[in-house]
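Please find below a short note for a colleague who is new to this structure.

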Amino acid sequence: AAMTATRIIVLLLVFIIVCFSVCSIEAGGIEAVAGKRYALSRQNGPWMIMVATFKEPPPEMKVEGKTPDVAADELVFELRSIGLPAYSFVRDASTKEIETTDHLGRETNKKFKLDKEICVIAGNYTSIDPEATSPDDAKHGKTAQDSLKYVKSLKPKCLDEGGIYRQTPGQPGPLAGAFLTINPLLSPEDVQARKKDPVILELNSGMDYSLFDNPGNCTLIIATFSGKSITKSSDADYTKAFSLFKVSDSLDVAYHDAWKLTQSLRNQGIEAYVYHDRFKSYVTVGAFESREDPAIRPVWERYHAKPHQDPQSGQTGYTAEYSIIPDHNGNDKMIVFDPDPQVMRVPKYR
């Protein structure tokens with residue numbers, strides 16, 4: 001009896017393992033677990049494929065079948081099972097207002113209601129242009145276009161039973177209406193910030209306290225260092241940006257001063273970062289969730305210019321905050337903070 005009980009336990013364990021292996025698949029490094037919800041995030045994209053949207057049909061067209069949530073989850077699982085990273089995104093019901101004209105040509109506003117939808121979105125592409133100047137963007141653009149054609153041709157098994165879908169003329173497949181779009185959680189500004197300029201990437205890589213390492217979505221610029229622009233060098237044997245591109249003396253000084261200020265702030269326990277572009281260098285403080293993050297205000301108060309009254313004239317002026325750093329020769333140098341620190345989005349180059 002004991003032996004029989006042991007064999008039953010072993011068989012049950014084998015059954016559980018087999019079931020899990022059937023419901024959990026990994027294709028091309030893409031996790032696919034049946035029943036697990038893969039929610040879209042800001043880290044996905046920025047360019048993606050809008051595969052399909054699911055919503056409740058009108059009462060007169062309802063049939064027995066899957067709910068929009070279940071249908072979306074099953075499609076996400078099936079796409080992931082074939083190696084395509086897919087996610088679900090809930091677009092809540094809302095009312096939109098658009099400007100239009102009536103039959104007499106008068107301008108008017110019209111409101112229309114958008115029903116709640118469950119969107120299935122797939123892929124993560126930096127570009128959708130196969131003719132892009134950057135080889136990397138062109139490669140991603142071709143992959144995006146090829147992936148779109150592939151998705152349009154699919155006839156997922158999970159959509160065979162139940163549900164109603166709108167057919168695209170001349171393309172009978174259920175996913176024939178798929179199209180390329182930006183991640184709906186990102187703004188056009190976010191997408192622009194993710195564009196990878198190889199020079200900017202080189203200038204900001206391989207150094208401590210790079211803004212690329214900032215975990216937040218936004219940060220506060222407290223000091224700006226101006227310099228002249230960078231121009232392309234004719235000598236292509238070098239690989240580093242400061243060798244491949246001619247950097248003016250003033251920009252080199254800006255680069256040095258920004259780094260020294262960042263290092264000084266870090267030594268004081270302040271979360272500072274440094275960032276360089278083709279024209280300027282910046283020192284920022286903080287890692288914030290958004291431009292509306294309440295934690296920004298105290299930092300702004302610390303570094304913005306403070307009002308003061310001239311004892312002789314009685315007039316009110318403003319005095320900028322400052323810090324002392326060593327210059328190229330080791331002498332003390334005063335660095336004046338920006339009078340009105342500005343919030344910037346953290347560039348997501350990694």
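1. Is Tyr209 buried, partly exposed or exposed? In this predicted model, Tyr209 has a relative accessible area of 27%. Burial would require a value under 20%, and exposure one over 50%, so Tyr209 is classed as partly exposed.

2. Tyr209 also takes part in an aromatic pair, its partner being Trp259. The centres of the two rings are 5.7 Å apart and the planes meet at 20°. Stacking is assigned to planes under 30 degrees apart, and the pair is therefore stacked. Trp259, with a relative accessibility of 22%, is likewise partly exposed.

3. The location of this pair deserves attention. Tyr209 belongs to the loop between helix 5 (198–203) and strand 9 (218–226), while Trp259 is part of helix 7 (residues 249–267). The pair therefore ties together parts that lie 50 residues apart in sequence.

4. Across the whole structure, four aromatic pairs are found. Phe212, Tyr275 and Tyr282 are joined into a cluster by ring pairs.

5. Aromatic rings also meet a charged side chain. Arg80 lies over the face of Tyr38, 3.9 Å from the ring centre. The charged end of Arg80 is also placed over the ring of Tyr87, at 5.1 Å from the centre of that ring.

6. The largest nonpolar core comprises 33 residues. Those with the most contacts inside this core are Ile49, Val51, Phe54, Leu75, Leu79, Val120 and Leu175. At least two core residues come from each of strand 3 (47–54), helix 2 (68–81), strand 4 (86–91), strand 7 (117–125) and helix 3 (135–153). Another core, of 23 residues, lies apart from the largest one; Ile222, Ala254, Leu261 and Ile325 are among its members.

7. Which residues does Leu75 touch, not counting residues up to four places away in sequence? They are Val51, Ala52, Phe54, Val120, Pro156, Cys158 and Leu175.

8. Ile121 is located in strand 7. Its relative accessible area is 0%, and Ile121 is therefore buried. Leaving aside neighbours within four places in sequence, Ile121 is in contact with Leu40, Met48, Ile49, Met50, Val51, Pro85, Ala86, Tyr87, Phe89 and Pro184. For one of these residues, Tyr87, the C-alpha atom is separated from that of Ile121 by 5.3 Å, although the two residues are 34 residues apart along the chain.

Definitions and conventions:
Residues numbered from 1 in each chain as written. Predicted model: local features only at pLDDT ≥ 70, side-chain atom pairs only at ≥ 80, totals over all residues. Heavy atoms only, no water. Core = buried A, V, L, I, M, F, W, Y, C linked by side-chain atoms within 4.5 Å. Buried < 20%, exposed > 50% of the residue type's maximum accessible area, 1.4 Å probe, protein only. Helix = DSSP H or I, 4+ residues; strand = E, 2+ residues; numbered from the N terminus. Contact = heavy atoms within 4.5 Å. Phe/Tyr/Trp six-rings, centres within 6.5 Å; stacked < 30°, edge-to-face > 60°. Lys NZ or Arg CZ within 6 Å of the ring centre and 35° of its normal.
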